[in-house]
Each structure stands twice: as C-alpha cells, then as structure tokens.
Amino acid sequence: HEQPMTMRLLLCCAVVAGDAKRRRLVGRRRRRECLAAAPQVPARRVVAADLVREAREALRLPYHDPSRYFSVEQDPARGGAVDVYALAGSWPHSNKRDTTTRRRCADAGLGATCGAAAVVLRAPFASMNLALLRDAHGALAGALGGKLAGLRTTPALRSPLAATRRFDAAFRPAGDGFGGAFARDKCVERRAGFDACEFDGRFSAAALRGRTLVYARANTRAGGGGRAVQVVAAAGAPPPPGAAWGPFRRVRFLAGAEAWQRAVAADVGADVYTFAAKPNPVDPGGSLAALFPVAVAPPPDALNRTARYLATEAYVALAFSCDGVRFSAPVALLRATPASDRGEVNDHPVDGFATLADGRPAFYVHEGVPGTFKELCAYRADKSAGVASRLVRYALDRAALEAATRDAKRALACAAS
C-alpha cells in the first residue's frame with residue numbers, strides 16, 4: 001500500500017506545482033495586457049455649477065516629479081499663507097524611498113508664490129499615509145502609518161513638534177498611537193493573505209466635537225478592489241498620549257437619486273479611491289466636508305477590459321457628516337478621469353480647504369497623478385499618458401455650500417448645533 005500512497009503524494013505535489021506555475025503565467029500575461037484606449041479626460045469638468053464657480057491652475061509639476069497625495073495647511077497666523085505637503089519618492093510611483101515634501105506659498109493662489117519643495121520627513125513606506133491636522137493652538141499633528149508587514153501594526157498618531165511649530169524630520173510619536181486597532185479583527189481588510197490592515201491609500205485626519213478622526217482605505221474584496229473608507233477615533237484634538245483608539249468602523253453614505261450614488265451607498269461596483277475629510281469651511285464646529293474620487297464600473301463579466309474602462313463613470317464628489325461615520329449622499333462636483341477598469345482614478349482631491357483673499361472657500365484637485373495610467377497602452381510610451389500633473393484650484397460659492405450643508409444635515413437628522 002505504500003507505493004500507491006507515494007505515487008498519489010507525488011501526483012498531488014505535481015498538480016499543486018502545476019497550478020502555481022499556471023497562476024504565475026496568468027499573472028505575467030495580465031501584467032503584459034494593456035487597455036487600448038486613450039485617457040478619458042472629460043471635456044467639461046464642472047458638474048455642480050451652483051457650487052463650483054471658478055477653476056484655475058494653481059501649480060504645474062515637471063514631468064518627472066513623483067509628487068502625489070497632496071495636503072494643504074493654511075495658517076491664519078501667517079496671513080493666510082499656505083503650506084503644500086506631498087508624498088514623493090521614486091518616479092513614476094511613490095512607494096520607494098518615500099519622503100514628505102513641503103512647498104511654502106504666500107497665499108492660496110499657489111503658483112509663483114510657492115517656494116521650492118523641501119524634504120521635511122523621511123519615512124520609507126510610511127510617508128504615503130501621512131495626514132495632517134492643526135490643534136487648538138495652531139500646531140501641526142499628524143497620523144503616520146506604514147504599508148509593509150513590518151510597519152503595519154506600528155502606526156502612531158504624532159505630536160506637535162515644538163512651540164516654533166516647525167515641521168521637520170524630528171516629527172516624533174506620542175504615546176502608543178493606534179496600537180492594536182490595526183489588527184485584522186479591528187479594521188476592514190478582507191483581501192486574502194493579510195493578517196492586518198495594509199493601508200495602501202492615504203490617511204486623512206480631522207477634528208470634530210472634541211474628537212480626532214482618522215480615515216483610511218478599507219479593502220472589502222478578497223481578490224482586491226472594492227475600495228471603501230473606514231475611520232478610527234479617539235478623544236482629544238489631537239488625542240493625548242495613551243489615548244484609546246478604535247476599532248475602525250466602516251464609513252457609510254446615504255443613497256442619492258442617481259445610479260452611481262446608489263452604487264456608492266450600497267458598496268456595489270463603486271471604488272472610493274481616497275478620502276479627504278476636514279471641518280466644513282462654512283460649518284467648522286458642526287460638520288465635516290469630505291472630498292473623494294469615486295469610480296463606478298460595469299460588472300467585470302459584462303464587458304471586455306477596454307470596453308469596461310470606457311464605460312466607467314468617475315467623479316470628484318463631496319459629502320457631509322455630523323458624526324464622522326455617516327455621510328450624506330455624495331454630490332458630484334467634477335467629472336474625473338478614470339485611470340483603469342479596476343476602480344482607479346487619475347484625479348485626486350487635495351486634503352484640506354483654503355480660504356481665498358475674497359473670503360470664498362476653495363479646494364484643489366491633483367490632475368494627472370503620476371503612475372495611475374499604468375493599465376493603459378499609452379503609458380508604455382509616455383508614463384503620463386499625455387496628461388500633465390498639476391494642481392487645479394476650484395473656488396466654491398459660500399451661499400451654495402451653506403445651503404448644501406443644511407440639506408445634508410437635514411437628511412442625516414443631525415442634532416442641532
């Protein structure tokens with residue numbers, strides 16, 4: 001009986017090895033495939049013309065500049081000057097030699113008022129998750145977390161640096177940070193092979209009603225994709241050392257009238273690629289306003305990949321929340337450029353709002369994010385696929401934003417504030 005058993009074991013091992021080889025070959029073939037379509041850049045961007053009243057290029061980046069995941073911090077103590085932070089690394093991607101850079105700009109118009117980008121933080125595989133917020137005294141704090149196995153379980157909420165409010169490589173941890181909140185049973189990570197959350201997007205941090213909330217990507221499908229949002233919170237803004245964090249909770253959206261809004265609310269066929277939540281510029285103590293790129297694609301088996309890409313809807317959307325967990329139905333502010341048939345978007349809202357000299361609130365969008373078009377054949381010849389990397393500033397109508405806030409708070413049944 002031993003010989004047949006040995007033969008069966010050898011046959012089993014051969015089948016397993018053969019399956020592994022076939023999977024490797026299929027993976028290589030898929031990596032070689034590309035989408036035979038030009039980037040679907042919208043001819044007209046603005047959807048919500050009542051809210052978005054002006055668009056101007058604020059900063060154009062050189063071809064080989066890897067910067068992405070931008071944040072803006074406006075300091076009233078410096079006359080409304082704006083600091084622009086970005087993740088930089090190894091072009092055309094930024095997941096190697098990660099650094100955080102800062103451009104100091106004299107006003108919210110950016111452009112020629114900005115100085116050169118300077119490295120303020122070197123944190124390989126951690127800078128990509130950096131999120132900033134100001135405390136009650138105007139000092140900067142941030143959330144910083146890594147995406148590699150050795151760093152996944154050790155992110156920390158970081159403390160203000162010093163009374164000088166300088167932000168540099170001395171950025172240091174405060175207490176135990178998020179601690180065990182990153183264990184798989186306390187966060188949303190459903191991809192196969194991950195024993196803890198790997199935040200392969202970016203963080204966003206906001207203070208609301210005495211709490212700090214940190215937003216991160218939630219991966220909801222075993223095979224990848226299914227990008228959604230999760231949030232973890234602690235008391236304090238920023239929380240003191242030793243504050244209790246977690247567990248993470250899924251961010252939910254109310255359903256709207258349009259099909260793409262219902263897809264986002266039901267989490268069916270919709271990818272929220274990044275999430276930037278900050279105090280609402282017209283209701284800072286009572287609600288958050290979140291900007292995010294969203295892509296809604298047909299089911300994978302409905303069309304071939306190129307046709308699916310051409311049929312993908314993508315928007316830069318706005319939603320409001322009174323508790324940081326439940327958000328209003330998203331409103332499409334702008335049409336965005338889908339980067340692939342897999343839910344990736346080429347246009348990323350910058351984390352943070354600014355106030356223009358005339359008092360209007362404004363937000364920025366990074367168009368032409370480097371490396372995002374990697375699924376397109378055009379990317380093989382030109383790593384930008386012909387789309388320039390730039391920040392575009394959009395001015396918001398204050399009265400329209402106030403009205404949208406009131407409607408959202410009514411729909412969410414927010415307590416009076």
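Cys105 counts as buried at 2% relative accessibility; buried means under 20% relative accessible area, exposed over 50%, and partly exposed in between (1.4 Å probe, protein chains only). Its partner is Cys114, joined to Cys105 by a disulfide with an S to S distance of 2.0 Å. A disulfide is taken as a pair of cysteine sulfur atoms within 2.5 Å. Cys114 is also buried, at 16% relative accessibility. The torsion about the S-S bond of Cys105 and Cys114 is about 100 degrees, so this disulfide is right-handed.

The model is predicted: local features need pLDDT of at least 70, side-chain atom pairs count only at pLDDT 80 or more, and totals for chains, interfaces and linings use all residues. Residues are numbered from 1 along each chain as its sequence is written, and side-chain values use heavy atoms, with hydrogens and water left out.

By the distance rule, the count comes to three disulfides. One of them joins Cys34 to Cys377, S to S 2.1 Å. This link is right-handed, with 90 degrees about the S-S bond. Cys34 lies in the loop between α1 (2-32) and β1 (52-60), and Cys377 in the loop between β22 (361-367) and α4 (378-381), so the pair ties together parts that are 343 residues apart in sequence. Helices (H or I, at least four residues) and strands (E, at least two) are DSSP runs, numbered from the N terminus. Cys34 is partly exposed, with a relative accessible area of 28%. Cys377 is partly exposed as well, at 27%.

A disulfide also joins Cys322 to Cys414, with an S to S distance of 1.9 Å. Here the torsion about the S-S bond is about 90 degrees, so the disulfide is right-handed. The pair links distant parts of the chain, 92 residues apart. Cys322 sits in the loop between β17 (313-321) and β18 (326-327). Cys414 sits in the segment after α5 (398-412). Cys322 is buried, with a relative accessible area of 9%.

Strand pairing was also examined. Strands of a sheet pair through backbone hydrogen bonds, either parallel or antiparallel. Two strands are taken to pair if DSSP finds at least two bridges between them. Four strands form an open sheet in the order β9-β10-β11-β12, and the pairing is antiparallel. The edge strands are β9 (204-208) and β12 (249-250), each pairing on one side only. Strand β9 is joined to β10 (residues 211-219) by five bridges, and the two run antiparallel. Within this pairing, Ala205 stands opposite Val214 in β10.
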